[in-house]
Amino acid sequence: MATGNGGNAIAGSAAGSGLNTSSSSSGGAAGGLFPSIVELNVGGVHYTTTLSTLTKDPDSLLGQMFSGRWRPGGVSPAGPPPPVLRDSKGKYFIDRDGVLFRYTLDFLRNQKLTLPENFHECERLKQEADYFQMAEMKSTLLATTSGLNSSSARLLPASSSPDALNPADDLLAGDGIVSPTIVPELAVVLPRSSGYITVGYRGTFAFGRDGLADVKFRKLSRILVCGRVALCREVFGETLNESRDPDRGASDRYSCRFFLKHTFLEQAFDMLQEAGFHCVASCGSGTASAGTDIKPGMDSEENRWNHYNEFVFVRR
């Protein structure tokens, strides 16, 4: 789990970075280098945690960085530690996936890995565990994925070669059957939380030139998503655009500023259905302006047919 290159992405030399370095008043494990309450900017997502949480695993990259023991490649162990970069607002900056970092931080806090149902980014999370040198977190993740793939006792094919096995298959009993006493200990809690998600869109109908009957039917400019942040991230994953949300850190809050990176309404409905949601209500505005004149500055027939629809989904 070498992270020499990762260190260069996080911090630079004191002479060349030009950024504020860490020199806050507060003692503790870092000998006064870092405050007891630490504000982080991880790939644009902001977190607030304690210094004791970041240094809970002293062998991890975070533990080394925030205890003053971090020495990237090329830095003499005898010299002072390189500064941790800060952003323009003074938060410590780490150039990693900001959304996935919440699982790394939760593992440091709770010493267990809790992933949402239908979590599809296990491989990327393994990369984050490698980068941050968190061996215990990676072992738990490997054991989890192995345990989920082996939810019931199974017999390995006789032709299976060692190279084709999962990295955690060494947990198999000698007779080739998953030990029932091991799998429950490896399982990670995957809560299926209930809640509501509202999907809305503002659309129009695209007509041919001069109002001819060459209708392209529904034309969407953006699909909006409202709900609890954790639920929205679980359902829509990488297709969820959070760029308009001013506070991207906590996942237990609500937001009405999300929208999707595509304009396929049926794709959004499919993702909700696959996550166990059901539509329970809908509403929409009519296109009552069809008989009115187009206002000055509106150069398209489409403006007469603007409308807004919302759909409410629930998972109990």
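Glutamate 39 is partly exposed, with a relative accessible area of 41%. That value falls between the cut-offs, because buried means under 20% and exposed means over 50%. The model here is predicted.

Where does glutamate 39 lie? It sits in strand β1, which covers residues 37–42. Leaving aside residues up to four places away in sequence, glutamate 39 touches Tyr47, Thr48, Lys91 and Tyr92. Sequence distance and spatial distance can be set side by side for one pair. Glutamate 39 and phenylalanine 93 are 54 residues apart in sequence. In space, their C-alpha atoms are 9.0 Å apart.

Next comes helix α8, residues 229–236. Is α8 largely enclosed or open, and why? Seven of its eight residues are buried, so α8 is largely enclosed by the rest of the structure. The buried residues are Val229, Leu231, Cys232, Arg233, Glu234, Val235 and Phe236. An α-helix has 3.6 residues a turn, so residues three or four places apart point the same way. After α8 comes glycine 237. Its phi is positive, near 55°.

Now for the protein chain as a whole. It holds nine helices and nine strands. The table gives further totals.

| Property of the protein chain | Value |
|---|---|
| Buried share of the 316 residues | 41% |
| Share joining residues at least 24 apart, among contacts between residues at least 6 apart in sequence | 64% |

Conventions
Residues are numbered from 1 along each chain as its sequence is written. This is a predicted model: local features need pLDDT of at least 70, side-chain atom pairs count only at pLDDT 80 or more; totals for chains, interfaces and linings use all residues. Side-chain values use heavy atoms; hydrogens and water are left out. Helices (H or I, at least four residues) and strands (E, at least two) are DSSP runs, numbered from the N terminus. Buried means under 20% relative accessible area, exposed over 50%, partly exposed in between (1.4 Å probe, protein chains only). Contact means heavy atoms within 4.5 Å.
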